[in-house]
Amino acid sequence: MLTPKYPHQDTARSATAPVVEVPASGSAVPAPAAPLANRPTVQLTPGSALALAAGGGAVVLVVGAVLVSMLLAVAITGVSVALVAVVLRLLLKDLAKQR
């Protein structure tokens, strides 16, 4: 029921590099690593770097505005709850005096 499922041998990745026997010296040498897939390199032009910096600055400003507005909403809620508590206390105190 709780047995692990291992990948097939052909899809498992080896933790070490494969070893190749060299007949002349008789010692084992690691095989060269396979080359990575050719991926295009990203080159930043001055215009794209400026756009990236402006975009990052805009993200920081938006996140900051959202966090400040959330903090303000919590503060306003706390003040209103405290005000309601004071009003209720005064009403109950006044009700107790009338009896």
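Val59, Val62, Val63, Val66, Leu67 and Met70 make a nonpolar surface patch of about 550 Å². Patch members have over 30% relative accessible area and no salt bridge, with like charges joined within 9 Å and nonpolar side chains (Val, Leu, Ile, Met, Phe, Trp, Tyr) within 5 Å. A salt bridge here is a side-chain nitrogen of Lys or Arg within 4 Å of a carboxyl oxygen of Asp or Glu. Areas are Shrake-Rupley, with a 1.4 Å probe.

This is a predicted model, where local features need pLDDT of at least 70 and side-chain atom pairs 80 or more, while totals for chains, interfaces and linings use all residues. Residues count from 1 along each chain, and side-chain values use heavy atoms, without hydrogens or water.

Take Val59. It sits in helix H1, residues 46–98. Val59 is exposed, at 52% relative accessible area; exposed means over 50%, buried under 20%.

Now the whole chain. Its elements run β-β-α from the N terminus. Helices are DSSP runs (H or I) of at least four residues, strands (E) at least two. Of 99 residues, 1% count as buried.

Last, confidence, or pLDDT, scored from 0 to 100. The chain's mean is 83.

Terms used
Buried means under 20% relative accessible area, exposed over 50%, partly exposed in between (1.4 Å probe, protein chains only). pLDDT is the predictor's confidence in each residue, from 0 to 100.
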